[in-house]
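Subject: Structure for your files

Hello,

Please find the structure below. My notes on it follow directly after.

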Amino acid sequence: MNWLSQTFSVLALNIRTIPNRLSSSAVAIVGIAGVVVVFVSVLSIAAGFSAAMQGSGSPNRALVMRSGADSEMTSGLPGPDVEIIKQAPGLRRVGQSALASAELYVILDLPKRSTPDAPANVPMRGIEPAGIPLREEVSIVDGRMFQFGTNEVIVGRGARGQFVGTEVGNTIVSGQNRWQVVGVFEADGGVAETEIWGDVRTLQGAYRREAGYQSLLARLDSPESLDTFRDWLTANPQLNVSIKRENEYYASQSQALTRLIRTIGFGIAGLMGIGAVFGAILTMYTAVSTRSREIATLRALGFNTTSVLVSVLAESLVLGAIGGVIGGGAAYLAFNGYQTSTMNFQTFSQVAFAFRVTLGLLAWGLLYALMMGLIGGLFPAIRAARLPIPTALREL
Amino acid sequence: MKFLPIVWKNIWRKKFRTIFTLLSIFIAFLLFGILMTIRMAFSFGVDVAGLDRLVIIHKVTLIMPLPLSYQNRLQQIRGVDIVTHQSWFGGIYQDPANFFANMAVEPESFLKIYQEFKVPPDQVAAWLADRQGAIVGRDLAERFGWKIGDRVPLTATIYQPKQGQTWEFNIVGFYDGGDGVDKTNFFFRYDYLDENRTGGKGTIGWYVVKIADPSQAVALSRTFDEMFANSAAETKTTTEKGFVEGFAKQIGDISTIMIAIASTVLFMFGLVAASTMAQSVRERTSEFAVLKTLGFSGASVLTLVLAESLFIVLTGGLLGLGLAWLFVQGGDPTGGMLPIFILPARELAIGVGLMVLMGLLAGVMPAMGAMRLRITDALRRA
């Protein structure tokens with residue numbers, strides 16, 4: 001255990017003398033902190049977007065679209081088909097009628113608060129009366145529910161935050177249509193909160209869809225009854241539809257964008273990390289070379305090579321840890337909960353979400369910082385341990 | 001010039017340190033190049049969007065169709081050169097993951113308006129002769145290995161064909177174009193779509209109008225929108241550039257994010273260069289004193305240090321930016337998600353400018369120190 005106490009005393013000496021080498025240590029710390037900030041904040045965008053999408057929809061609900069349609073936007077269901085679908089087994093019923101809502105999913109142009117000069121595609125959904133009880137997570141948080149048969153609408157919490165003119169009491173003017181905002185709803189942070197909801201029949205008129213719908217959302221009797229429902233629908237030759245569990249539909253929509261952000265995030269942070277390692281190597285190399293006489297003296301006094309090696313590595317790890325904590329903290333303070341919105345390419349419409357700097361991301365950031373510190377310290381440590389004593393003592 | 005050997009010798013005095021500083025700067029500008037490329041990719045070719053082209057969409061939203069009958073009315077307005085229309089088709093090739101834009105267009109007016117799409121004349125003739133013909137971008141053709149004469153099925157999403165669920169197309173030609181032109185689109189004939197779809201007959205997605213005089217853009221936009229006001233389908237006209245910018249803005253401010261990351265990167269690595277220079281000068285205090293004793297002026301000492309600093313940053317930086325450029329020549333690595341994947345000359349020039357700036361900033365403090373050095377103090381300290 002002798003080498004352990006030796007290591008500790010050398011390490012203590014190293015750490016005590018960090019302030020003497022402040023500027024060179026700061027370079028390593030800033031470098032590593034910079035990498036961690038970028039790494040954590042870019043991935044927090046992906047985490048926030050995928051949390052919004054994954055948290056949308058329920059395994060208890062089935063979404064029916066025309067077969068071949070890849071999103072509600074491109075789907076279409078004729079009125080008579082909707083009546084047949086509502087007769088299917090496997091659905092929760094209230095009295096005689098199924099808990100199901102045939103819906104329209106269209107776009108309304110509204111400017112974003114962040115870019116008031118450019119219109120953004122805000123999703124607008126027309127629902128049937130069952131559309132509200134069907135979605136248990138939805139509740140009105142401001143104003144009231146709209147009345148069916150009128151041009152009243154309610155606005156999701158995320159939409160109100162992101163788009164101009166969506167406060168309760170406002171009238172949204174869109175071409176010849178006028179929509180009266182009477183309430184704000186929330187939906188457990190899901191993508192529905194970016195939408196504007198109104199009566200599907202009013203929307204059919206406004207968007208000239210006659211008696212057509214785009215999708216049908218139905219409450220299943222139980223999560224297991226999806227197969228019963230699907231088998232009945234696919235066996236019916238009159239229908240040409242595809243059935244998805246609602247949560248799976250939303251999860252699949254988040255994949256492409258989440259993957260793109262992650263690829264970019266890992267790519268950039270990976271390259272930056274290599275650069276930061278070079279920076280750490282330089283710092284530690286300087287730390288070793290300015291102290292080569294000290295180190296040689298210690299070795300001449302009988303301190304063994306392992307303790308010198310470990311102590312240099314440990315110093316580098318400490319620098320990495322400081323950088324990791326600063327970087328993670330900065331990313332958390334600057335970006336956690338930052339509200340924004342982007343376009344979901346599957347539906348060409350906006351999705352509001354918040355950056356999420358999760359504990360997991362912070363842990364990954366810190367681990368990454370320690371790794372950079374470790375790799376950065378390795379070569380200088382070996383060099384310090386191998387330093388030929390006589391030459392080093394002679395050096396100025 | 002005669003001092004170059006001194007600069008050279010000093011740079012390589014501590015090989016290890018110089019090499020790692022060079023590598024840091026190399027990474028910094030490699031990243032700069034890649035970040036600027038991503039930034040360009042998310043601007044969707046706004047740089048090549050024509051100022052003399054106006055886009056007319058439905059006033060409510062882009063997804064609402066407009067009547068085909070507007071084309072003749074638009075054509076008769078003074079100042080209008082050519083009118084063409086496009087319709088988003090949204091067909092799927094084999095798997096939704098193979099996403100690419102496919103649109104129905106009117107071939108003759110389309111090719112007249114979009115001069116930047118280069119199609120060989122014999123292929124244009126083939127397209128005009130074949131109703132099911134389609135022309136595809138060079139990059140898209142490469143992605144799926146399509147050749148002329150191939151038959152390509154697209155699964156219907158928005159428009160159902162009269163029979164079955166797929167639409168069949170013949171590849172009759174390829175279009176190419178300069179940097180910044182999206183070469184990943186699939187264009188086919190509108191008459192084929194309109195004859196064979198079950199719904200939406202006689203409607204189109206949006207109009208693109210080429211006007212004779214770009215300065216008339218605002219006035220003509222108003223004329224168009226007033227002409228269709230209070231009709232069943234009111235319109236909203238913007239310049240193509242404004243249209244593309246609006247689309248890019250919907251994604252979010254990617255440009256600001258990329259610039260923020262690039263600034264972090266340059267600051268981080270600029271600090272590495274500055275620290276290296278400071279150290280290297282500090283170690284050589286007595287040498288600078290000797291140089292000054294020999295009669296070197298303050299200015300020439302300053303130049304010596306700045307030259308070293310510039311050399312290191314420019315060497316590392318040019319290599320890094322060069323590699324980024326080579327990487328970008330290889331094309332979009334995501335397989336179609338970033339159709340415009342280029343590193344334009346303007347960004348390269350900005351990069352070189354930043355290198356010079358970084359080299360000067362990194363060297364200026366130590367260089368001033370060396371310039372102001374008092375010989376007696378410095379020699380005593382050593």
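Asn230(B) lies in the loop that runs between α8 and β11 of chain B; helices here are DSSP runs of H or I with at least four residues, strands are runs of E with at least two, and both are numbered from the N terminus. Its phi is near 65°, a positive value in a residue other than glycine. Asn230(B) counts as exposed because it has 7 C-beta neighbours inside 10 Å (buried is 20 or more other C-beta atoms within 10 Å of a residue's own, exposed is 12 or fewer, partly exposed is in between, with C-beta atoms placed from the backbone).

This is a predicted model, in which local features need pLDDT of at least 70 and side-chain atom pairs count only at pLDDT 80 or more, while totals for chains, interfaces and linings use all residues. Residues are numbered from 1 along each chain as its sequence is written, and chains are lettered from A and ligands numbered from 1 in the order in which they are written.

Gln94(B) also has a positive phi, near 60°, and is not a glycine. Gln94(B) sits in the loop between β3 (80–88) and β4 (102–105) of chain B, and with 11 C-beta neighbours inside 10 Å it counts as exposed.

The sheet: chain B has an open sheet of nine strands in the order β6-β7-β5-β8-β4-β3-β10-β1-β11, with mixed pairing (two strands pair if DSSP finds at least two bridges between them). The edges are β6 (151–155) and β11 (235–239) of chain B, each with a single partner strand, so one side of each has no neighbour in the sheet. Neighbouring strands are turned by 35° against each other on average, direction ignored (axes are lines fitted to C-alpha atoms, for helices over the stretch in contact, and angles run from 0 to 180 degrees between N-to-C directions).

β5 (133–137) and β8 (186–189) of chain B pair in the antiparallel sense over three bridges, with Ala134(B) opposite Phe188(B). Helix α5 (121–129) of chain B packs on the sheet, touching β5 and β7 (166–175), and its direction makes about 160° with that of β7(B) (contact means C-beta atoms, placed from the backbone, within 7 Å). Helix α8 (217–227) of chain B packs on the sheet too, touching β1 (53–58), β10 (206–211) and β11, at about 165° to the direction of β11(B).

β1(B) and β11(B) pair in the antiparallel sense over five bridges, and Ile57(B) stands opposite Lys236(B). Four of the five residues of β11(B) are buried.

Arg189(B) belongs to strand β8 of chain B and counts as buried, with 22 C-beta neighbours inside 10 Å. Leaving out residues up to four places away in sequence, Arg189(B) touches Ala104(B), Pro107(B), Arg131(B) and Gly133(B).

Helix packing: α10 (254–283) and α13 (345–372) of chain B pack at about 30° with their axes 9 Å apart. That makes α10(B) roughly parallel to α13(B) (under 35 degrees is roughly parallel, over 145 roughly antiparallel, 65 to 115 roughly perpendicular, the rest oblique). Residues making the contact include Leu266(B) and Gly270(B) of α10(B) and Leu354(B) and Met358(B) of α13(B).

Between the chains, 43 residues of chain B are in contact with 44 residues of chain A. The largest share of chain B's side, eleven residues, comes from α2(B).

Regards

Key:
Two residues are in contact if their C-beta atoms, placed from the backbone, lie within 7 Å.
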